[in-house]
Amino acid sequence: MTQTAAGQAGIATKPAFGPVFAVVVAGVAMSNLDMFIVNVALPDIGAQFSGSSLASLSWILNAYAVIFAALLVPAGSLADRTSPRNAYLLGIAVFTVASALCAVAPGVWLLVAARVVQAVGAAMLIPSSLGLLLAAAPPEKRIPAVRGWTAISGLAAALGPVIGGLLTQLDWRWVFLVNLPIGVFALLLGAKVLPRIAARPAAARLDLTGAALLTLGIAVLALGLVKSEDWGWTSGKVLGSLLVAIALLAAFVYSSARHASPILPLGLLRIPAVGPSTFANLLFAVSFGAMLLSAVLWCQQVWHWSPLKTGLAIAPGPVLVPAFAMGVGPVIKKFGSAAVSAVGCVLFGAGIGWWIYRLDTAHEYAAGLLPGMLLTGIGVGMVVPTLVGAAVSALPPQSFSTGSAVVTMARQVGSVLGVALLVAFIGAPSGADEAVTAFDHGWAFILVATAAAALACLFIPRPKPAA
């Protein structure tokens with residue numbers, strides 16, 4: 001007996017892959033862009049809302065990061081249980097409407113509230129987007145599809161400061177208005193081309209306890225990390241947040257093990273390729289998040305460059321990501337995901353090492369910052385698509401959205417952790433010489449995290465040959 005790939009994934013009619021890919025990457029690019037595009041607009045937002053404290057303005061970024069990370073897995077599980085297609089379209093609609101609300105917000109706290117709604121939409125569309133892509137692609141094209149998905153999402157995130165700097169020259173509200181045409185395009189075309197996937201069989205009762213424990217656990221963890229700079233790593237608030245998060249997540253694991261149909265089937269993490277790939281993904285996200293912020297801070301705080309000039313300075317690295325993400329496929333087939341991702345980590349680390357060796361207060365871009373950006377860009381292009389592809393290609397079709405949500409959540413938590421730790425290592429240097437030393441300490445931390453990620457990559461098994 002034979003089954004088509006569409007039948008295996010529960011698709012009633014086989015959709016054309018090209019239009020599905022276009023719709024999916026449009027939403028993914030929009031949501032990933034928004035994670036970073038707002039950063040460079042923050043000073044202008046503060047100037048418009050005079051009287052707003054830095055602590056209040058920081059919640060424009062923090063609220064998005066906390067809610068997005070916390071809702072990923074519950075939203076992915078809900079998409080698998082109901083309809084990934086409907087979840088994606090609803091997520092696009094929510095994100096687009098929230099972007100319009102952000103653009104017309106008359107005050108900082110209404111802007112924060114609209115950002116929370118944006119995060120809800122992003123958490124709905126990201127896991128279901130990868131679920132739809134995997135379901136629409138034939139099995140032999142799933143790994144290239146994942147590489148394309150991660151290349152576009154990574155490029156959008158990394159180019160956020162560039163686009164944000166350009167749009168902020170007009171008005172900070174344009175960093176939100178730019179989402180509207182993209183969202184409308186994805187909605188109109190998506191309603192026509194996205195595949196209808198059979199839902200996972202519903203359990204006798206929903207795992208509401210597991211959903212609440214996981215959401216609260218990730219939210220408290222992310223909150224403690226993003227506020228660590230303000231509260232202090234040894235403060236009762238940060239330590240208390242981390243302890244509460246550990247307790248909630250431990251309770252989640254216990255609850256999931258006893259539930260007939262948990263919101264996150266723990267068996268997914270026991271699939272040979274999924275667990276190691278996801279853990280390596282988390283560790284590399286620590287490095288990537290810290291690296292990107294360190295480059296921005298170096299240009300703005302040490303060289304005193306404008307946001308637009310800073311964005312253009314870091315752009316060459318991200319521009320390399322799609323080419324290496326799509327071109328590394330034959331190498332993975334020959335040498336395996338473990339070797340390719342580990343070598344990518346080495347190249348990424350070489351870029352960081354170059355910055356430690358070469359960068360100082362002299363504005364040496366071509367011989368100083370640029371080579372490190374190029375090496376880290378090549379490393380990201382080799383590592384991220386390889387790790388995501390190794391994890392999600394091993395998932396059963398009925399858990400595409402849930403599994404991809406786990407992978408995305410690991411990346412998000414890792415990035416938040418990397419940013420928080422980098423800020424702690426750099427501190428607040430008072431002079432140029434102190435700044436160079438402080439950044440060297442931050443880059444040394446990134447090297448350690450990258451080495452840990454490279455070691456974790458080596459535990460990714462090769463997939464068994466198809467029968």
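H21 runs for 27 residues and reaches 39 Å from its first C-alpha to its last, close to the 39 Å expected at 1.5 Å a residue (the expected span is 1.5 Å times one less than the number of residues). Helices here are DSSP runs of H or I with at least four residues, numbered from the N terminus. This is a predicted model, in which local features need pLDDT of at least 70, side-chain atom pairs count only at pLDDT 80 or more, and totals for chains, interfaces and linings use all residues. Residues are numbered from 1 along each chain as its sequence is written, and side-chain values use heavy atoms, without hydrogens and water.

H21 is mostly covered, with 22 of its 27 residues buried (under 20% relative accessible area with a 1.4 Å probe, protein chains only; exposed is over 50%, partly exposed in between). Just after H21, Gly 427 has a positive phi of about 70°.

What does H21 meet? The axes of H20 (residues 365–392) and H21 (residues 400–426) come within 10 Å and cross at roughly 145° (lines fitted to C-alpha atoms over the stretch in contact, with angles from 0 to 180 degrees between N-to-C directions). Contact here means heavy atoms within 4.5 Å.

| Helix | Contact residues |
|---|---|
| H20 | Val 384, Val 388, Ala 391, Val 392 |
| H21 | Phe 400, Ser 404, Val 407, Arg 411 |

The structure also holds one salt bridge, between the side chains of Arg 358 and Glu 364 (3.3 Å, N to O). The term covers a side-chain nitrogen of Lys or Arg within 4 Å of a carboxyl oxygen of Asp or Glu. Arg 358 is partly exposed at 28% relative accessible area, and Glu 364 is partly exposed at 30%.

Key:
Helices (H or I, at least four residues) and strands (E, at least two) are DSSP runs, numbered from the N terminus.
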